[in-house]
Amino acid sequence: MLKGKHIILGITGSIAAYKSAVLCRLLVSAGAEVRVIMTPLAKQFITPLTMATLSQHPILVDFFNPENGEWNSHVKLGEWADLYLIAPATANTMAKMATGVADNLLLTTYLSARCAVAVAPAMDLDMYAHTATQRNMEALRQDGVHIIEPGSGFLASGLQGKGRMAEPADIVKAVEALFSEKKKSLEGRHYLVTAGATIEPIDPVRYISNHSSGKMGYAVAEELARRGARVTLVSGRTSLDCPKGVERVDVLSAEDMYKACCEIFPATDGAVMCAAVADYTPQVVAEQKLKKGDGDMSIALKRTHDIAATLGKDKGARLLVGFAMETENEQTNAEDKLRRKNFDFIVLNSLRVEGAGFRGDTNVVSLIDGEGREDLPLMTKGDVAIHIVDKMEKLIKL
Ligand code: CTP
């Protein structure tokens, strides 16, 4: 569930910060990528070295590195994250979050974050019960922050009561529940996905096609459906079963795929164009099987419609995601397609990389939009689909 998730772990100045070490370890073991931000006071409770070692990254405290002036961009961090988890969250930090105070990196990152935010409060029972704290927590709830309720028990003050930060294992469960809730985040939306190879007939027994297996497109359709979207999968030839909850429209030629897409697209919220569509098709399809002669032969081809470019022309507010498979000048070619076809972003497959491409179960891709490029490591096509749909969700929220 947490595999590949980007989590910022914010640590504030509470004695419960010692539990953040275990929490960080559990998140990393579950496959999450964790970056730690600490408030200056948090460093008194747990050392940056401990947290840097457990998270496998330097921790962040200041707006810039005083040694070399390097800027710690809270905006970039906020964009990178799928979840901002503040654990422990003191009464002081929650009060500042509720009122928009931005006097440390942990707080500016909160104000910049577009991702889900969760806090695990930790404090003495009277502080927790105080109307001011309760009022601030209510304000945070209203702002969409998830509160991971503290437990009751022995407190650092020596008193017994509610205020103990939830146990790390319970926080991880709450985080997992949050991500599975997120999976239904596309309910009420409708997407078109194209997948597989088109078949361009030459005569009744021969055709022009390509090596596309359809796996990438089917994985995207499955991920969209898992998150509650209605999905219409316009599929060329593949040997794959239709994913659960997905409506499939089978087509053969580029022309059939073009007609189906033009009909379906206007009623959707967007499309992901994964199909490997033939750019050329025979000018004439022979009615009878072509007989061989003694000499060479050639087949005259004509251009097919560019489906993505056609949809891109009139897409309005709909999202349009494309793929590019390149063997040379990949960045320039991908950027050119991004512009020409009016994609919101393009998924670049580099055929030069081992583990990427048509037939396998893995892929190595980069996500490119008008702002830049994100290179993803080798991963399953299912995980690539999760990244693609995560990026779509981020764009929908804007
Ligand atoms: N595409 C499409 N209709 C076509 C050709 C391509 O919808 N007739 C879509 C693909 O599904 C993919 C994107 O456009 O999302 C890029 O396809 P690609 O074949 O790599 O690019 P082309 O525009 O065909 O350019 P080139 O052949 O020069 O690489």
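**Reading the chain, feature by feature**

Modeller: Let us begin with a backbone angle: just after helix H4, Gly 100 takes a positive phi of about 80 degrees. Helices (H or I, at least four residues) and strands (E, at least two) are DSSP runs, numbered from the N terminus. This is a predicted model, in which local features need pLDDT of at least 70 and side-chain atom pairs count only at pLDDT 80 or more, while totals for chains, interfaces and linings use all residues. Residues are numbered from 1 along each chain as its sequence is written, and side-chain values use heavy atoms, with hydrogens and water left out.

Colleague: Which residues of helix H4 are buried, and what do they pack against?

Modeller: The general idea is a scale of relative accessible area: buried means under 20%, exposed over 50%, and partly exposed in between (1.4 Å probe, protein chains only). In helix H4, residues 91-99, the buried residues are Ala 91, Thr 93, Met 94, Lys 96 and Met 97. They pack against E3, helix H5 (105-112), strand E4 (116-121), helix H6 (125-129) and helix H7 (131-142); here contact means heavy atoms within 4.5 Å.

Colleague: Where does Ser 20 lie, and is Ser 20 buried or exposed?

Modeller: Ser 20 is part of helix H1, which runs over residues 18-29. Its relative accessible area is 0%, and Ser 20 is therefore buried. His 6, in strand E1 (residues 6-11), also counts as buried, because its relative accessibility is 11%. Beyond four places in sequence, His 6 is in contact with Glu 33, Trp 80, Ala 81, Asp 82 and Leu 83.

Colleague: What is the phi of Asn 329, and what is that of Asn 342?

Modeller: Neither residue is a glycine, but Asn 329 has a positive phi of about 45 degrees and Asn 342 one of about 60 degrees. Asn 329 is found in the loop between strand E16 (319-326) and helix H12 (330-340). Asn 342 lies in the loop between H12 and strand E17 (345-350). Asn 329 counts as exposed because its relative accessibility is 52%, whereas Asn 342, at 35%, counts as partly exposed.

Colleague: How many residues apart in sequence are Cys 262 and Leu 311, and what separates them in space?

Modeller: Sequence separation and spatial distance are read side by side. Cys 262 and Leu 311 are 49 residues apart in sequence and 7.0 Å apart in space, C-alpha to C-alpha. Cys 262 lies in helix H10 (residues 254-264) and touches Thr 310 and Leu 311, not counting residues up to four places away in sequence. Its relative accessibility is 28%, so Cys 262 counts as partly exposed. For the chain, among contacts between residues at least 6 apart in sequence, 67% join residues at least 24 apart.

Colleague: Which domains make up the division of the chain, and what area is buried between them?

Modeller: Domain bounds come from an automatic or database domain assignment. Here they give domain 1 (6-182) and domain 2 (190-395), with centres, taken over C-alpha atoms, 41 Å apart. Five residues of domain 1 are in contact with four residues of domain 2. Buried area is the accessible area (1.4 Å probe) that two parts lose on being put together, summed over both; between these domains it is about 380 Å², of which carbon and sulfur atoms give 30%.

Colleague: What does the secondary structure of the chain come to, and what does its C-alpha trace span?

Modeller: The chain has 13 helices and 21 strands, and its C-alpha trace spans about 95 × 45 × 35 Å along the principal axes. Of its 398 residues, 49% count as buried.
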